[in-house]
Amino acid sequence: MSQVIPVFKPWVPDWLVKVTIFLVILPCLLLFGLSTANAGAAAGFYGIEPADVQYSMIIFYAAVASFFALERRFFVYIASREYFIVGVGLQILTSYICFHTHSLPVLFIFRFIQGMANCMTTSICITLIFSRLQGERAREIGYSVFYGMLLCITPISILLTAPVVDNYDYNFLYKGIMFCYIPGAILLLCMMNAVRLNKKIPLYQIDWPSFVIYAAVLCLIGYVLAYGQQYYWLQDNRIWKSCIAIVVLLVIHVYRQLNLKRPSQNMTVFKYRNYVVGMCLIFVLYIVRGALGVTNLYFSNVLGMDPYHISYIMLANIIGIIVSILISSRLLILKRPVRLIWIYGFVLLLIYHAWMVFLFNTQADAPTFIIPLILQGMGAGMLMTPIIVFAISSVPEHLGGTASAVGVFFRFLGFCSSIALVNFYQLYNKTNHVNRFQEQLTNLNPVAVDRLATYKRMLMAKGVPADQATKIATGLLSRSVDVQAQIRSAVDYYTLISILLVVVVLVIALIPYINRTIINVRSKQPAPISY
């Protein structure tokens, strides 16, 4: 029997392999949050609306989710080194095009291609590193670290991009991403042998139609949820037609999967009750996690923080995530009841949202929010890995790939739904509060009259002429109304999330059969690339 060639060369130490793979994964993850790391700068550079910036990230996510099932065919067909070169090369090329273009359609197209290439690169990197983790304990810790990185990527993106955007144009971020790939890619190629990680399977009977239909469904869902509030939902023909197209294409996709001999997504996963429970919880988690964006808007619009200072206060959130993934991985290793872990996580998130309802104010010190942000990070980190691993463990081993693919869909849906809810509360709910406040701004309201007089006196004391001081005072009063509406909208949204979390905790506490699922990441592993 011929000797099996190792993946990495003999002189390469294990620690260098992990560090190198981390250097490659980091820019892959940064690409995901790059669009909204500084939405204002992105919208200003490309001359687009904030919803367009959100949709550019949604398209990237849709590409990852739709290409997920198809990517495995290419992964087992192309040799590891060549596959890695293609993935990194495509990401550098698409980043170069995004760096130069000012066209919104071009940006959307290449962000989608970028998402597909990102799926390829991350898939091979995660496969390489987890193939070296043989013990069940090592794998549980490994998955906790990986999913913890996903949770940290948004605050890390803000932290890394804020000083760049302050000194350069927004598109310089794509230039930085291109150079970030180079050291890790060169190191990894130098360390790898020319081997295959899997037995080569010819590229025949590739289900391209399912990929195209599924990608169209995800892009349309993202379009409706990103632009729905801006276009007044079904009152606009674009949203109405998109909803009809989603229903038709989704029916076609499900029908194909039920009748294909080798479906890319086996619908029998929905027959397993605990898997459905896991998907519902991951959907809720992504909605709750997205509420952190409301806090960022509060820091920016009410307290007047710039992205640079917001990134520093978000370090508290990263600390909470790191602490919680260490705790959750330890609890998984000790085989603690997963239901108890979930209750811990959701209760921490409930404390954070209920606490923030009382902290939203026109004036506040940054240190006031450190402990709540740590609790938010701990809650999210406590839930991410246990929910995903629980869901995968709830289905037979041969359905693991489909379970991961469907899981990506639910995370995508939760992510987009969170954007839609935040947009609703920022556009519709906030507008309602502004209108109600402005109804009180009459000459008969002594508070409004006193506030205008105070503003006018302060301005005149600074040497502003009386007529100009009156106009400026009116503008300052309108600004005050806008700030109060922003705070009221944030309070309403966090109250809604708190109620949702109370319901979730009660439901988890009343479902005893959850503990019947035995978590085993050695034989039932989540697929490598699963954002």
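This is a friendly chat about side-chain packing and pairing in a predicted model.

Reader: Hi! I'm new here. How many aromatic pairs are there in the whole structure?

Author: Welcome! A search of the whole structure finds 26 aromatic pairs.

Reader: Nice. What is the relative accessible area of F270, and is F410 buried or exposed?

Author: F270 has a relative accessible area of 38%, which makes F270 partly exposed. F410 has 17% relative accessibility and counts as buried.

Reader: What about W342 and F390, how are those rings arranged?

Author: The ring centres of W342 and F390 are 4.7 Å apart, and with planes at 85° the pair is edge-to-face. W342 belongs to helix 14 (residues 338-359) and F390 to helix 15 (residues 370-393), so this pair ties together parts that are 48 residues apart in sequence.

Reader: Are W342 and F390 buried or exposed?

Author: W342 is buried, at 0% relative accessibility. F390 is buried too, with a relative accessible area of 0%.

Reader: Which residues touch the most other members of the largest nonpolar core?

Author: W342 turns up again there, together with F346. That core has 158 residues, and helix 3 (residues 50-77) gives the most to it, with 18 residues.

Reader: New topic: charges! How many salt bridges does the structure hold?

Author: The structure holds 2 salt bridges. In one of them, the side chains of D236 and R238 meet at 2.9 Å, N to O. D236 is buried at 15% relative accessibility, whereas R238 is partly exposed, with a relative accessible area of 42%.

Reader: What does the charged end of R238 sit over?

Author: The charged end of R238 sits over the ring of Y231, 3.9 Å from the ring's centre.

Reader: Which side chains meet in a salt bridge of 3.1 Å?

Author: Those are the side chains of R488 and D492, and the distance is again N to O. R488 and D492 are 4 residues apart in helix 18 (residues 466-509), so about one helical turn separates them. R488 is partly exposed, with a relative accessible area of 35%.

Reader: Last one! Where is Q426, and is Q426 buried or exposed?

Author: Q426 has its place in helix 16. Its relative accessible area is 16%, so Q426 is buried.

Reader: What is Q426 in contact with, leaving aside neighbours within four places in sequence?

Author: With those neighbours left aside, Q426 is in contact with L297, Q486 and S489. The side chains of Q426 and Q486 are joined by a polar contact of 3.4 Å.

How values were computed
Residues are numbered from 1 along each chain as its sequence is written. This is a predicted model: local features need pLDDT of at least 70, side-chain atom pairs count only at pLDDT 80 or more; totals for chains, interfaces and linings use all residues. Side-chain values use heavy atoms; hydrogens and water are left out. Rings of Phe, Tyr and Trp (its six-membered ring) pair if their centres lie within 6.5 Å; planes under 30 degrees apart count as stacked, over 60 as edge-to-face and the rest as tilted. Buried means under 20% relative accessible area, exposed over 50%, partly exposed in between (1.4 Å probe, protein chains only). Helices (H or I, at least four residues) and strands (E, at least two) are DSSP runs, numbered from the N terminus. A charge sits over a ring if NZ of Lys or CZ of Arg is within 6 Å of the ring centre and within 35 degrees of the ring normal. A polar contact is a pair of N or O atoms within 3.5 Å; within protein, one must be able to donate a hydrogen and the other to accept it, and residues adjacent in sequence count only if both atoms are side-chain atoms. Contact means heavy atoms within 4.5 Å. A salt bridge is a side-chain nitrogen of Lys or Arg within 4 Å of a carboxyl oxygen of Asp or Glu. A nonpolar core is a set of buried Ala, Val, Leu, Ile, Met, Phe, Trp, Tyr and Cys residues joined through side-chain atoms within 4.5 Å.
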